[in-house]
Amino acid sequence: MSAGATVVLRRAAASDAAAAADVWLRSFAAALPTVVRPRSDDEVHEYFRHVVVPLRETWVAEEEDGGGIVGVMVLEDELLSQLYLAPEWRGRGIGDRFVALAKERSPQGLTLWTFQGNAPAHRFYERHGFAAVEFTDGSGNEEREPDVRYVWRP
């Protein structure tokens with residue numbers, strides 16, 4: 001990571017799938033160390049290569065100086081299904097830019113799920129106007145972790 005590097009947000013290309021999956025894996029491990037992932041690293045890479053990048057509205061944050069992919073966001077209509085940053089890039093405004101982009105792309109509103117134990121994510125989304133509307137025991141997600149659904153309406 002270069003000091004003062006500029007980051008651009010752009011739609012993901014097929015060639016970004018591996019780097020985006022790597023960001024997801026590193027971010028998940030750093031933010032959710034107690035959550036057991038139901039899929040191997042190879043399965044995550046396959047999912048990004050065959051589903052996330054080609055079939056979803058996938059955006060990446062990329063260092064403008066060629067330093068690589070440092071964040072990924074995935075939209076599916078009103079669902080903000082993924083927003084992950086490389087751990088060393090947290091707290092630098094990239095997540096804020098992703099949320100602003102998501103609101104621009106889905107001006108009628110957004111919904112998302114995060115784990116109940118992910119307090120930093122709760123603070124982040126609440127700061128951006130999302131409200132917790134549903135809490136579950138986790139039986140509906142692959143990780144079997146209690147989660148919470150957030151909604152943003154303009």
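Trainee: Before we go on, what kind of model is it, and how are things counted?

Mentor: This is a predicted model: local features need pLDDT of at least 70, side-chain atom pairs count only at pLDDT 80 or more, and totals for chains, interfaces and linings use all residues. Residues are numbered from 1 along each chain as its sequence is written, and side-chain values use heavy atoms, with hydrogens and water left out.

Trainee: OK, how many helices and strands are there?

Mentor: Four helices and seven strands. Helices (H or I, at least four residues) and strands (E, at least two) are DSSP runs, numbered from the N terminus.

Trainee: And what order do the elements run in?

Mentor: Starting at the N terminus, it goes β-α-α-β-β-β-α-β-α-β-β. The radius of gyration of the chain is 15 Å, close to the 15 Å from the globule rule for 154 residues, so the chain is as compact as a globular protein of that length. That radius is taken over C-alpha atoms, and the rule is 2.2 Å times the number of residues to the power 0.38.

Trainee: What does the C-alpha trace span along its principal axes?

Mentor: About 40 × 35 × 30 Å.

Trainee: How much of the chain counts as buried?

Mentor: 44% of the 154 residues. Buried means under 20% relative accessible area, exposed over 50%, and partly exposed in between (1.4 Å probe, protein chains only).

Trainee: What about contacts along the sequence?

Mentor: Take the contacts between residues at least 6 apart in sequence: 64% of them join residues at least 24 apart. Contact means heavy atoms within 4.5 Å.

Trainee: Switching to charges, how many positive and negative side chains are there?

Mentor: There are 17 positive and 24 negative ones, and the centres of the two sets lie 3 Å apart. Lys and Arg count as positive and Asp and Glu as negative, while His and the chain ends are not counted. Each charge is placed at NZ of Lys, CZ of Arg, CG of Asp or CD of Glu.

Trainee: Now α1. How many residues does it have, and how far does it reach?

Mentor: Helix α1 covers residues 17-31, which is 15 residues, and reaches 21 Å from its first C-alpha to its last, close to the 21 Å expected at 1.5 Å a residue. The expected span is 1.5 Å times one less than the number of residues in the helix.

Trainee: Which of its residues are buried?

Mentor: In α1 those are Ala17, Ala20, Ala21, Val23, Trp24, Leu25, Ser27 and Phe28. Their cover includes α2 (41-55), β2 (57-63), β3, β4 and β5 (110-115).

Trainee: And Ala12, is that buried or exposed?

Mentor: Ala12 counts as buried, at 17% relative accessibility. It sits in the loop between β1 (7-11) and α1. Leaving aside neighbours within four places in sequence, Ala12 is in contact with Val53, Thr58, Trp59 and Val60.

Trainee: Where's Pro38, and what does it touch?

Mentor: Pro38 is in the loop between α1 and α2, and at 42% relative accessibility it counts as partly exposed. Setting aside neighbours within four places in sequence, Pro38 contacts Glu43, Glu142 and Glu143. Pro38 and Glu143 are 105 residues apart along the chain, with their C-alpha atoms separated by 5.9 Å.

Trainee: Last topic: which residues have a positive phi without being glycine?

Mentor: Asp77, with a phi of about 60 degrees, is one of them. Asp77 is in the loop between β3 (68-76) and β4 (79-85) and counts as exposed at 73% relative accessibility. Arg144 is another, with phi near 60 degrees. Its loop lies between β6 (131-135) and β7 (147-152), and at 53% relative accessibility Arg144 counts as exposed.
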